[in-house]
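Work through these exercises with the sequence and the model open side by side. Try each task before you read its solution.

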Amino acid sequence: SIVSKQYRTAYHFQPPKNWINDPNGPMYYKGIYHLFYQYNPNGSLWGDIIWGHSVSTDLINWIRLEPALDRTTPSDNNGCWSGSATILAPDSPVILYTGSDSSNRQVQNIAFPVNLTDPYLTKWTKPAYNPLIEPVGDLNSSEFRDPTTGWVGKDNLWRIAIGAELQGKGAAILYKSKDFVHWVRAKDPLHSSSASGMWECPDFYPAVAEGDGSETKYVLKMSLTETGMDYYMLGKYEEDRDAFVPDNVVDDYRLWARIDFGKFYASKSFFDPQKHRRVLYGWSSESDSASDDVAKGWAGIHTIPRTIWLDNSGKQLLQWPIEEVESLRKDEVHLQDIDLNTGAVFEVKELKEASQADVEAEFELYNLERAEPLDPNWLLDPQKLCEEQSASAPGGVGPFGLLLLASDDLVEHTAVYFKVYRSQNSYMVLMCSDQRRSSSRPGLYKPAYGGFLDVDLQKERKISLRTLIDHSVIESFGGGGRGCITARVYPEALCTGSTYLHAFNNGSTTVKISTLKAWKMRRAKINENISIRS
Ligand code: DQQ
């Protein structure tokens with residue numbers, strides 16, 4: 001079984017021990033970032049869920065506080081589940097969260113900070129009038145949870161959305177309130193769709209735009225229980241009807257845009273007024289077994305916070321690790337103009353510690369003529385395509401990319417790579433993260449993840465890849481943040497030896513690494529101890 005400390009992260013968020021899942025209630029309040037999270041204080045499997053709480057001034061180094069919400073009342077004694085923070089007025093942050101009540105119904109509760117002069121908002125209190133919202137009428141009491149951050153309409157009423165399944169459809173149910181305490185359900189949901197079942201952890205917000213588009217686009221994000229993945233839609237918010245209207249309506253969730261193609265779920269965002277950006281976190285669960293998690297004494301991490309914004313075309317979101325993570329970089333390696341011919345495996349020898357690193361590579365394509373034709377059916381299942389067209393299978397333009405956390409004999413490695421396909425008059429880029437050879441340990445979940453990226457190769461024949469490597473985490477950003485893949489891996493080499501970084505090309509045309517920069521990453525200070533008590 002896995003007992004090695006080598007799989008713990010050095011700069012990804014996790015508590016000192018035990019189980020964590022969803023990020024909850026992220027906010028910036030009076031100079032401090034707050035992050036709450038689903039936490040089991042009693043072990044490393046899901047259960048007994050309460051809200052852990054940490055604070056930070058840079059979103060990278062975190063101080064652990066006492067849990068903010070515990071299972072103390074009839075409306076939450078079976079669990080303090082996911083929810084959000086809203087800052088109602090300059091001096092009043094509040095939390096809305098789902099309680100699993102004494103009858104295991106999902107109800108919505110409120111909590112307030114006890115002492116607003118405590119900058120860390122250490123202690124929270126729940127009023128006796130909880131729950132605020134109960135699953136009545138056509139609501140299913142086991143499919144009704146995860147309230148969003150509130151927003152105010154032109155009529156000055158507060159609004160929130162709650163994840164649900166209504167008559168077999170995924171839905172974000174809308175509620176309105178004058179005082180944030182008394183809530184009335186709107187006649188229609190903010191949005192619902194028969195393309196999927198239950199929506200967990202909905203998130204709804206105006207997108208921060210790259211250009212200055214005249215019309216504000218809104219984002220509706222949902223987490224699907226049926227796939228364990230996060231999806232989003234871009235669209236309009238019609239305020240008079242209180243409806244989100246997606247730009248594209250489809251009847252199959254496989255056609256929805258994805259926040260991340262990999263092991264990434266229950267993400268949540270907040271607007272950071274200090275840096276004028278929207279910041280997103282996700283939960284990445286383990287890919288080892290439950291008995292491994294018991295042996296390790298911990299399970300679950302949060303991804304590095306990402307800035308998320310709308311690209312110039314208005315058609316997709318882009319994501320990039322927040323700039324603060326770069327403060328951990330040291331020992332820069334800088335390579336330029338390396339041709340990767342067919343079959344090339346090029347070791348980046350200068351990177352001495354490949355298990356805790358940040359790598360940025362840019363691949364230049366000389367020739368697109370050999371790109372293989374795209375079968376449109378593949379668009380529905382890129383993951384299967386990554387399985388079939390593996391990194392070692394010879395191709396036309398690609399597969400090329402990086403081999404990460406590789407053992408010295410290359411028997412263990414995770415391949416993160418691209419392959420270019422021809423589709424009508426343009427090109428489509430497949431991005432894959434293949435974990436199937438990531439470890440020789442038994443009992444691990446080792447899928448190949450993937451998705452298509454919308455990179456305009458006619459304009460610029462370059463594809464970039466950024467990867468954050470942190471022991472058991474490989475978080476990759478393709479095409480400048482057009483596609484993200486988070487993966488969990490447990491190489492034996494991390495425990496028995498060193499790990500290495502290589503670039504490779506198994507396409508039939510040469511690809512050039514125009515630049516490759518890599519850094520060793522310092523350890524961040526994350527939740528090392530409870531050092532603040534109130
Ligand atoms: N996790 C929470 C729920 C949420 C689910 C319970 C998503 O509130 O729907 O821990 O991972």
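**Exercise 1. How many bridges pair strand 12 with strand 14, and in which sense?**

Solution. Two conventions come first. This is a predicted model, in which local features need pLDDT of at least 70, side-chain atom pairs count only at pLDDT 80 or more, and totals for chains, interfaces and linings use all residues. Residues are numbered from 1 along each chain as its sequence is written.

Step 1. Strands (E, at least two residues) and helices (H or I, at least four) are DSSP runs, numbered from the N terminus. Two strands pair if DSSP finds at least two bridges between them.

Step 2. Read the pairing. Strand 12 and strand 14 (residues 191-193) pair over 3 bridges, in the antiparallel sense. Ala171 stands opposite Ser192 in strand 14.

Step 3. Look at strand 13 (residues 184-185). Strand 12 pairs with strand 13 over 2 bridges, again antiparallel. Val184 in strand 13 is the bridge partner of Lys176. Strand 12 and strand 13 form a hairpin with 6 residues between them, and Phe180 in that turn has a positive phi of about 70°.

Step 4. Strand 11 runs antiparallel to strand 12 (residues 169-177), joined by 9 bridges. Glu165 stands opposite Gly170. This hairpin has 2 residues between its strands, and Gln167 in the turn has a positive phi of about 45°.

**Exercise 2. Describe the surroundings of the ligand.**

Solution. Step 1. Name the nearest residues. A residue counts as near if its C-beta atom, placed from the backbone, lies within 6 Å. There are 13 residues around the ligand, and Gln38, Trp81, Ser82, Glu200 and Ala266 come nearest.

Step 1. Sort the shell by class. Ala, Val, Leu, Ile, Met, Phe, Trp, Tyr, Cys and Pro count as nonpolar; Asp, Glu, Lys and Arg as charged; the others, Gly among them, as polar. The shell has 5 nonpolar, 4 polar and 4 charged residues.

Step 2. Find the strands that supply the shell. Strand 1 (18-29), strand 5 (80-87), strand 15 (199-206) and strand 20 (265-272) each give at least two residues.

Step 3. Strand 15 and strand 16 pair antiparallel over 6 bridges. Ser223 also stands opposite Asp230 in strand 17. Strand 16 joins strand 17 (residues 229-238) through 7 bridges, antiparallel. Their hairpin has 4 residues between the strands, where Gly228 takes a positive phi near 70°.

Step 4. Check burial. A residue is buried if 20 or more other C-beta atoms lie within 10 Å of its own, exposed if 12 or fewer, and partly exposed in between, with C-beta atoms placed from the backbone. Strand 16 (residues 218-224) is mostly covered, with 6 of its 7 residues buried.

**Exercise 3. Why is one side of strand 5 and of strand 8 left without a neighbour in the sheet?**

Solution. Step 1. The open sheet has 4 strands, ordered 5-6-7-8 with antiparallel pairing.

Step 1. Read off the edges. Strand 5 and strand 8 (124-125) stand there, each with a single partner strand, so one side of each has no neighbour in the sheet.

Step 2. Inspect the strand 8 end. Strand 7 (residues 106-113) and strand 8 run antiparallel and are joined by 2 bridges. Phe112 stands opposite Thr125.

**Exercise 4. Locate the two domains and describe their contact.**

Solution. Step 1. Take the bounds, which come from an automatic or database domain assignment. Domain 1 covers 5-321 and domain 2 covers 329-521. Their C-alpha centres lie 31 Å apart.

Step 1. Count contacts, meaning C-beta atoms, placed from the backbone, within 7 Å. 28 residues of domain 1 are in contact with 30 residues of domain 2. On the domain 1 side, the largest share, 4 residues, comes from strand 25 (residues 317-321). That side divides into 10 nonpolar, 10 polar and 8 charged residues.

**Exercise 5. Is Pro376 buried or exposed?**

Solution. Step 1. Pro376 lies in the loop between strand 29 (372-373) and helix 2 (382-388).

Step 1. Apply the cut-off. Pro376 counts as exposed because it has 9 C-beta neighbours inside 10 Å.

How values were computed. Two residues are in contact if their C-beta atoms, placed from the backbone, lie within 7 Å.
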